[in-house]
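Me: Hi! I have a structure open and would like to talk through it with you. Could you help me find my way around?

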Amino acid sequence: MFGEKILDYWDDIMKDLGDIVAIPSVAQPQDGPYPFGKDAATAVDKAIEIAERYGIKTKNSDYYAMHAELGEGEENAVVMAHLDVVPAGEGWDSDPYTMVIRDGKAFGRGVSDNKGPAIVALHCLRALKEAGVVGKRKLRVVLGSAEEIGMQDMGHYFSKEQMPTMGFTPDACYGV
Ligand SMILES: [Zn+2]
């Protein structure tokens, strides 16, 4: 089945997820050029670096959000996810910012909400690109950096970028 091709990228997905989980990207107040603080901005930079490593075109929307884009077309199909996390809190058995696999499950702040789905979405663009799939719409993965504090990230992003013709949000449990 075509959809199963994403499993070919499993090792890269887990490596990239570990790298982005290591960034404690709790959205904070504005810090100079960074609307939600330096850590949230670092996560945006990391997502851009990951997408570009696989030859995917990207855009940084003033550190409010980023998108990765594949294909051409007037319409756009969009997956929206986010790179910020809520504070780690207490009660962890291991460091929340060091992803570990136990019993076949990944543990780390944000692995399901929402860094795992965000990283998988980037790899989906990569998989489609490498399979040579050409659609009739632009495909965009839009990753915000302030979902957990009120979503001003998306307000800013969509004040400058095309609204989705269609889309979905693989937040938290959806991706699991
Ligand atoms: Zn979420």
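Me: Which polar atom lies 3.0 Å from the backbone oxygen of Tyr64?
Reply: That is a polar atom of the side chain of Ser145. Bear in mind that this is a predicted model.

Me: Okay, and where does Ser145 lie?
Reply: Ser145 is in the loop between strand 6 and helix 4.

Me: Is Ser145 buried or exposed?
Reply: Buried, because its relative accessible area is 0%, and under 20% counts as buried.

Me: What does Ser145 touch, leaving out residues up to four places away in sequence?
Reply: Quite a list: Ala27, Phe36, Ala40, Val44, Tyr63, Tyr64, Ala65, Asp84 and Asp153.

Me: Asp153 is in that list. Which residues of helix 4 are buried?
Reply: Helix 4 covers residues 152-160, and its buried residues are Asp153, Met154, His156, Tyr157 and Phe158.

Me: Let's switch to rings. How many aromatic pairs does a search of the whole structure find?
Reply: The search finds 3. One of them is Tyr34 with Tyr63, an edge-to-face pair at 5.2 Å centre to centre, with 80° between the planes.

Me: Why does that pair tie together parts that are apart in sequence?
Reply: Tyr34 sits in the loop between helix 1 (10-21) and helix 2 (38-53), while Tyr63 sits in the loop between strand 1 (57-61) and strand 2 (65-70), so the pair joins parts 29 residues apart in sequence. Tyr34 itself is partly exposed, at a relative accessible area of 22%.

Me: And which residue forms an aromatic pair with Phe36?
Reply: Tyr64 does, in an edge-to-face pair at 5.3 Å centre to centre and 85° between the planes. This pair links distant parts of the chain, 28 residues apart: Phe36 is in the loop between helix 1 and helix 2, and Tyr64 is in the loop between strand 1 and strand 2. Phe36 counts as buried, with 6% relative accessibility.

Me: Which residues lie over the face of a ring?
Reply: Arg102 lies over the face of Phe107, 4.2 Å from the ring centre. Arg126 lies over the face of Tyr54, at 3.9 Å from the ring centre.

Me: Where do His82 and Asp171 lie?
Reply: His82 is in strand 3 (residues 76-82) and Asp171 is in the segment after strand 7 (166-168), so they tie together parts 89 residues apart in sequence. His82 is buried at 3% relative accessible area, whereas Asp171 is partly exposed at 25% relative accessibility.

Me: One more serine, then. What does the side chain of Ser25 make a polar contact with?
Reply: With the side chain of Lys115, at 2.9 Å. Ser25 is in the loop between helix 1 and helix 2, and is buried with a relative accessible area of 0%.

Methods:
Residues are numbered from 1 along each chain as its sequence is written. This is a predicted model: local features need pLDDT of at least 70, side-chain atom pairs count only at pLDDT 80 or more; totals for chains, interfaces and linings use all residues. Side-chain values use heavy atoms; hydrogens and water are left out. Rings of Phe, Tyr and Trp (its six-membered ring) pair if their centres lie within 6.5 Å; planes under 30 degrees apart count as stacked, over 60 as edge-to-face and the rest as tilted. Helices (H or I, at least four residues) and strands (E, at least two) are DSSP runs, numbered from the N terminus. Buried means under 20% relative accessible area, exposed over 50%, partly exposed in between (1.4 Å probe, protein chains only). A charge sits over a ring if NZ of Lys or CZ of Arg is within 6 Å of the ring centre and within 35 degrees of the ring normal. A polar contact is a pair of N or O atoms within 3.5 Å; within protein, one must be able to donate a hydrogen and the other to accept it, and residues adjacent in sequence count only if both atoms are side-chain atoms. Contact means heavy atoms within 4.5 Å.
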